[in-house]
Amino acid sequence: MNNRFGANYRFILTLLATLGIIALVSLWWSGAPSASRIEANSQGAIPAGLMIAEDPNGYAHYLKEHAQATLPAEAIRMDAVRDLAPSKEAVKTMAFEGAKGTAVLSDEEGELTWQVDVKQGGLYNLAVRYYPVEGRSEEIERSLRIDGKAPFSEAERLIFPRIWGNQSDTIQQDSHGNDLRPSQVEKPAWHEVVLTDTDGYFDEPFRFYLPEGKHTITLQSVREPMLIDYLQLQPVQQVPAYEELKETYKQHDFSSPSGVMVKIQGEAASSKSSPTLYPLADRSSPATEPYDLTKVRLNTIGGNNWRIPGQIITWKVNVPEDGLYKIGIKYRQNLVQSLEVTRKLMIDGKVPFAEANDISFRPGGSWQMLQLGSRSDEPYLFYLSKGEHELSLEVTLGQMTPLLASVESTILELNQLYRKIIMITGASPDPYRDYELQKQIPELQQVFEKQAGQLSRVIAGMEELSGGKNERTAVLNTTAFQLKDLAAEPESITKRLDAFKSNIVALGTWILTAKELPLEIDYLLVASEDQSFPKPDVSWLKHAMYGIKSFGTSFFVDYGDVGTVDSTSDQDAVDVWVTGGRDQAQLIKTMIDTSFTPQTGIPVRLQLVDPSVLLPATLAGSGPDVALQQDNVVNLAMRNALQDLSQFGTFQNVKKRFMDSAFVPFEYEGGVYSIPEQQTFPMLFYRKDILEEIGVSPPQTWDDLYALIPVLNKRQMNIGLTPELTMDILLYQNGGSYYKNGGKASGLDSEEALAAFKHWTDLYTNYKAPQTFDFLNRFRIGEMPVGIADYTTYNSLIVFAPEIRGLWGFMPVPGFRGQDGTIHREAASTTLGSVMFKTAKNKENAWKFIDWWTDKEAQLTYGREMEALMGSAARYPTANMEALRELPWPKKDYDQLLQQMEWVRGIPDVPGGYFTKRHLNNAFFQVLNNGTNPRETLKDYVRTINQEITVKRKEFKLPTD
């Protein structure tokens, strides 16, 4: 009794303390300032002294060159078919619904050229009317040339967005009543876009100078197909200021109706420019509409997903009569501290006035209400005719634009300087040697001084925008201080080269994060001028009560549950365990509920587990029927825990979905114990710009690579060869194998393996290839312009190294040229798969689940949804060949993957096989550190490997001879 009383007493004290904290936090929260009216561009001006280093090939320089050009008033339309220039290649034309005439297919490869006769020379905007035909669900990208060359560098990357929306207007719910995130599907339609800057540095559409006369305009495909209806050179759009628009209102005698208040929930967006902009669930505040104490409700949109310049969310609003309306937005901006984020407002696809280009949203921890208006407390009024309209908000950089462009130019110049320095000193210079850098690099001190001043002005601009010093300028301050110091003592760079490199990398990361401007929307309001917008938040008392109730219900609600079938006793149900994150598990569960169970009638109990619990649970007899994303398959198979999947009647049909190499690590004693889900393999990554600067091509063979190493070393650069990947490649390219005699013995004592081992160790002894390195950062900065890495490195580079976009590529790994001239590019793969346990209650149902999950449709859906959920960094490396073909890879990059796939080999797993890589590495370091003979060293370790394989085979009662 005393124990129970003590426990209850402690619980009451804990509860009271918690409630006190909740009350204090709620009081603070409810007292947070609310943004009632915010003027666009209200944060203060950027310092006039900020000078951006202009790219001579960039748009800013181009615009200055043609600043005096006239602005013609007449538009010139180029019909997609009639004005198409003759082409060597066949051009596909078609009559397509919605086109003004016959449309032209701009495929994912090739180029199209149109002829135009300009009667009046000057600056024009260029519009394209296009239809996004079905492709790989990626943004459409083109490169523009006028009269055979790009007018400026930004024109080489033009984006034509696809439009996305919820698959269903009705939100589905799981078995517990929680809202399920709706799948995002493409909603293709004809669109006319005026070409603009993809990176968001220029708010206005591009202006192209065309003198009087005949010209050609070419669109070169980079990725994804589209239909083109027409191109149009049109007069430069001049957006009026709000005061000018007010005068127009007066002239037309526009007035505001009375008593109108239309609310549009944020999650009810009609379209988005990216599938990542799906509805979100917020349970942090009772002020969010709608909310439920215990259930998941999709009640907001945006957040961290809505942060990249150019992303657009559109809502439809229906107004009851013609007139002037004001607009309010209930928002939360709690992810970017001390800085406002900006959005461009468009109504029916057009910016209504200049101030709408930069609508600012203040930071704060709670919901705020923004009434679009000026500092004089006057709301902006928008004329809307009776009926339906579209309200769009686009992420823009706002007043951050010149600051970010300035830092980006600093990074490029410091990168070039760093490469010049290491060409003289190497990556690890002798601190006691005088390299006479100022003589060899005369501009050294000047660059330090110039970029230190540039960063100081950026810091001043950031502080002006944020109203004082903040954590966002820490990296800039550190780098600026170092550059000032280096300008004063340039000879000290040899002692501080690592820190200098780290700061350049940090600046690149800063640019990436500084461009991210997230914003969360609860709802929008369109109201007549006589209406007052509601308060965005609730009282501290309601917050406190919400906290109390949430605390109480947390003892009874399992917030980690991904939604399971209700009938836990159903013998037909399949128990599936999945590792990874909750987002992945919830996606799989949604796919099961909307696809697998309706198609088959088989219920599934899905459970998210830690990978380490699978083996103990299986041995204890409490494991699942099916487990996903497994790599240690043979370890379970040899313990008689897994079902041989090759025994099922449809196995051979399922096997055709994958490369044969994907099954190799899952084969054991004549059986196949897993179906592949993911398969990855290495590719050769290379920096185009650096190799062109040096005057060499990417290496096709090992002879090419051996020849390239001294060329790079002369410039103090390296090739990135991860030791383990490199040995796999050399072994298979030499015709060797890790095992022989059906896995009864190591194959590393064969002549082919010994030759591969010698090649491998020579790379690190004779050619001094680095053994450990951070490939992403060294590749990014240019210190390691060539390297072999897993192909998923592509995803990381696309997202985390935007400053080198277009400056790198990847291709199959180098190989040995055969007598017939063929280059043998064998490489080993890594595979994850789905397994079925022998204890499965209903093996046929479990097999049907694995069959469904590894099929093209499920794998493609999962891959696209994961990318929609988490962006390009989460591109799914599916093993299903048909699904991989349709994932959003640019055509030229997918073709490179396809070439390497032909040479991919699987590494078998055998009892005792864990000794192989362990002692192979031991032999490697023995040669490197002690200079032993490679051949004899490896043979010694092979004997140890064979002993362990024999011991393990005896343990599992397998033949050893």
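Q: Which element gives the most residues to the lining of the largest cavity?

A: The model is predicted, and helix α8 gives the most to that lining, with three residues. The residues that line the largest cavity are I411, N415, I504, V505, G508, R780, I781 and E803. Elements that give two or more residues to this lining are α4 (401–425), α8 (497–514) and α18 (775–781).

Q: How many cavities of 30 Å³ or more does the structure hold, and what is the volume of the largest cavity?

A: A cavity is a space where a 1.4 Å probe fits but cannot get out. There are five cavities of 30 Å³ or more in this structure. The largest cavity has a volume of about 50 Å³. Its lining, sorted by class, has four nonpolar, two polar and two charged residues.

Q: What volume does the second largest pocket have, and which residues lie nearest its centre?

A: A pocket, unlike a cavity, is an open set of points. The second largest pocket holds about 740 Å³ of space. Its lining is made of 33 residues, and those nearest the centre are P665, I907, P908, D909 and K917. At least two lining residues come from each of α12 (633–637), α16 (723–733), β42 (830–836) and α24. By class, the lining of this pocket has 16 nonpolar, nine polar and eight charged residues.

Q: At what angle do α24 and α25 pack, and how far apart are their axes?

A: Helix α24 (residues 914–930) packs with helix α25 (residues 934–955) at an angle of about 160°, and their axes are 9 Å apart. Angles over 145 degrees count as roughly antiparallel, so α24 is roughly antiparallel to α25. The crossing of α24 with α25 is right-handed.

Q: Which residues of α24 and α25 meet?

A: On the α24 side they are Y914, F915, T916, H919, L920, N922, A923, Q926 and V927, and on the α25 side P934, T937, L938, Y941, T944, I945, E948 and K952. This contact has nine nonpolar, six polar and two charged residues.

Q: What angle and axis distance describe the packing of α10 and α20?

A: Helix α10 (residues 582–600) and helix α20 (residues 843–853) pack at about 115°, with axes 11 Å apart. Their crossing is right-handed. I588, M591, I592, S595, F596 and Q599 of α10 meet N845, K848, F849, W852 and W853 of α20. Seven nonpolar, three polar and one charged residues make up this contact.

Q: At roughly what angle do the axes of α16 and α17 cross?

A: The axes of α16 and helix α17 (residues 751–765) cross at roughly 145° and come within 9 Å. α16 passes α17 in a right-handed crossing. From α16 the contact takes P723, E724, T726, M727, L730 and L731, and from α17 it takes A753, A756, F757, H759, W760, L763 and Y764. The classes in this contact are 10 nonpolar, two polar and one charged.

Q: Is the peptide bond from E289 to P290 cis or trans?

A: The bond from E289 to P290 is cis, with omega near -20°. P290 sits in the loop between β17 (279–281) and β18 (298–303).

Q: What is the phi of D253, and where is D253 found?

A: D253 has a positive phi of about 55°, although D253 is not a glycine. The loop between α3 (242–251) and β15 (261–265) contains D253.

Definitions and conventions:
Residues numbered from 1 in each chain as written. Predicted model: local features only at pLDDT ≥ 70, side-chain atom pairs only at ≥ 80, totals over all residues. Heavy atoms only, no water. 1 Å grid on protein atoms, 1.4 Å probe; cavity = no way out; pocket = protein on both sides within 12 Å on 5 of 7 lines; lining within 4 Å. Points joined across faces, edges and corners; volume = space filled by probe spheres on them. Helix = DSSP H or I, 4+ residues; strand = E, 2+ residues; numbered from the N terminus. Nonpolar A, V, L, I, M, F, W, Y, C, P; charged D, E, K, R; others polar. Axes fitted to C-alpha atoms, helices over the stretch in contact; angles between N-to-C directions. Parallel < 35°, antiparallel > 145°, perpendicular 65-115°, else oblique. Left-handed = near helix turned anticlockwise from the far one by under 90°. Contact = heavy atoms within 4.5 Å.
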